[in-house]
Every structure is written in C-alpha cells, then in structure tokens.
Amino acid sequence: MEADGALDPAALERELRAAVAADERRERENEAKLRAVRQRVPSYEEFRNIVLASHLKPLEKKDKMGKRRNVLWNPCAVRAKAPQASDVEIPQELDQLPRTSAEFYRDWRRCLKSGREKYQFLLELGGEALGRIFQADLGFGLLGEFLTVLAENICHEDRDAVLQILQSLSGTKRFGLNVDLLSESEKESSRDLLRKLRNMSGGYGTAGHPSSPAGCGAEREAPLMDSSLQREAEEDRRVMELRKCYRVN
C-alpha cells in the first residue's frame with residue numbers, strides 16, 4: 001500500500017507470485033516425501049536428497065537423442081558465468097534482498113554458487129531479518145545448510161553476527177523438528193560452529209583472570225578489564241544457551 005492509502009499493484013503482484021511459489025514448493029516437497037516413504041528408502045540421507053531434488057525434472061528421450069538442444073533440464077539452474085573478482089560479494093543478480101521465504105529460497109538455490117557467497121548473503125540479511133522471514137516455517141533442509149555454511153566460513157569479526165543469526169533461527173516455528181532432522185554431517189557442522197564460537201572469546205577469563213598490571217596503571221585499567229570480563233561472560237552465556245538449543249553436547 002502506498003503512502004496515500006492506494007494499493008500498489010506491483011507489490012501485490014510480487015506478494016502473489018511469492019505466495020504461489022511457496023505453495024508450489026510446499027506441495028512439491030510433500031509429494032517427494034510421500035514418494036520416498038512409499039519407496040521405503042533405507043536411510044535418512046536418501047530421503048533428504050529426494051526432497052531436496054524434488055524440483056528436478058527427469059530427462060525425456062527427446063532430450064537425450066537427436067539434435068542438441070539448449071534447453072536446461074533443471075529449471076532451477078542458472079547459466080554459468082565468469083567467476084567474479086571476489087567470491088565474497090553477493091552476485092549482481094540479487095538486486096534486492098529477499099523479504100519472504102519464497103524469495104529467499106529462490107535466491108539461495110539459483111543465484112548463490114559458493115559457500116562463501118551464501119555466508120556473505122546470510123550476514124547481509126542478519127539475524128533479525130532471517131528470523132522474520134522464517135518465522136512461520138524454516139524450509140526443509142535449510143537449517144543444516146545454514147549451519148554448514150556458517151561453520152566453514154566464520155571468522156572472528158563476524159562472531160556477534162553469527163550468534164545473532166543462530167539465536168533468531170532458534171526462535172522459528174518447528175525449530176526442534178528441524179534440529180531432529182539434521183543429518184550426521186550437519187550435526188557435526190553444528191558442533192564445529194559452536195566450538196569455534198566458544199573459542200573465539202577475546203582471551204579474558206579463559207584462564208581465570210587476566211594478569212594484573214603494576215602501579216597506578218592497574219587502577220585506571222581495572223574498569224576496562226571488568227567491562228571486558230563482563231562482555232566475555234555474556235557471550236559465553238549466549239554460546240552455552242545456543243548449545244542447548246541446538247542440542248550440542
């Protein structure tokens with residue numbers, strides 16, 4: 001709706017397209033889950049792969065024989081482009097950040113090629129936006145992918161941003177179910193990520209207390225040390241709470 005109260009047709013069209021895409025994805029994944037159950041797949045990994053590949057279409061005979069065609073058999077694939085100068089930049093295909101889960105899922109699958117790009121994408125969105133986008137539902141398999149990407153790319157300067165992302169995701173609906181459905185490799189990524197976060201504290205308090213400077217300088221630096229110790233204690237508390245949420249022993 002515009003400032004004068006009139007409806008914005010373009011915004012309505014975007015919302016409608018996003019809602020239709022989300023419904024189609026949900027129906028497609030549910031059909032894939034039922035198909036996997038009927039096939040009695042022997043492991044969760046196979047079940048998960050069937051659901052994640054539900055958007056793929058099988059090749060037909062005309063696609064495999066005869067004249068070469070330039071039609072993509074995978075509708076969610078994008079044409080390869082020359083590598084960018086820096087793989088930490090978000091691709092230019094993303095002219096704006098997603099505002100709905102359908103838009104996020106589309107961009108995550110189509111536009112982001114490397115783990116580094118996905119990592120930067122999550123940081124650009126931030127924990128608050130991710131929590132809002134996935135408040136109703138965190139798509140099947142996404143939590144495990146997030147944990148893997150974050151574990152592989154986290155650095156010390158991003159610690160607070162990653163903590164906020166993890167906290168926001170833990171507040172989404174059916175979060176406990178998503179944790180239960182993590183694969184073994186994704187659970188290991190979760191453990192690795194939280195281990196890295198715990199080890200990224202600034203150094204204060206890791207061995208009890210910092211060494212005390214001598215002379216009057218100690219009196220001036222004491223408040224600063226106390227503040228640093230308090231901050232480290234708060235961050236350690238956040239990590240411990242996240243370990244419980246993500247069921248990391």
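This is a predicted model: local features need pLDDT of at least 70, side-chain atom pairs count only at pLDDT 80 or more; totals for chains, interfaces and linings use all residues.

Modeller: Before turning to the part itself, a word on classes: Ala, Val, Leu, Ile, Met, Phe, Trp, Tyr, Cys and Pro count as nonpolar, Asp, Glu, Lys and Arg as charged, and the others, Gly among them, as polar. The structure holds one cavity of 30 Å³ or more, and the volume of the largest cavity is about 60 Å³. Its lining is made up of Tyr-44, Arg-48, Phe-140, Gly-141, Leu-142, Leu-143, Gly-144, Asn-178, Leu-181, Leu-182 and Glu-186, and by class these residues divide into six nonpolar, three polar and two charged. Helices α2 (44-52) and α6 each supply at least two residues of this lining, while the largest share, three residues, comes from α6.

Helix α6, which spans residues 142-153, also packs with helix α4, residues 101-110, at an angle of about 50°, and the two axes lie 13 Å apart. Because of that angle, α4 is oblique to α6, and the crossing of the two helices is left-handed. Where they meet, α4 contributes Phe-104, Tyr-105, Trp-108 and Arg-109, and α6 contributes Leu-142, Glu-145, Phe-146 and Val-149. Sorted by class, this contact has six nonpolar residues, two charged ones and no polar ones.

Definitions and conventions:
Residues are numbered from 1 along each chain as its sequence is written. Side-chain values use heavy atoms; hydrogens and water are left out. Axes are lines fitted to C-alpha atoms, for helices over the stretch in contact, and angles run from 0 to 180 degrees between N-to-C directions. Helices (H or I, at least four residues) and strands (E, at least two) are DSSP runs, numbered from the N terminus. Angles under 35 degrees count as roughly parallel, over 145 as roughly antiparallel, 65 to 115 as roughly perpendicular and the rest as oblique. A crossing is left-handed if the near helix is turned anticlockwise from the far one by less than a right angle, and right-handed if clockwise. Contact means heavy atoms within 4.5 Å. On a 1 Å grid over the protein atoms alone, a cavity is a set of points where a 1.4 Å probe fits but cannot get out, and a pocket is an open set with protein on both sides within 12 Å along at least five of seven lines; lining residues have an atom within 4 Å of a point. Grid points are joined across faces, edges and corners, and a volume is the space filled by probe spheres set on the points.
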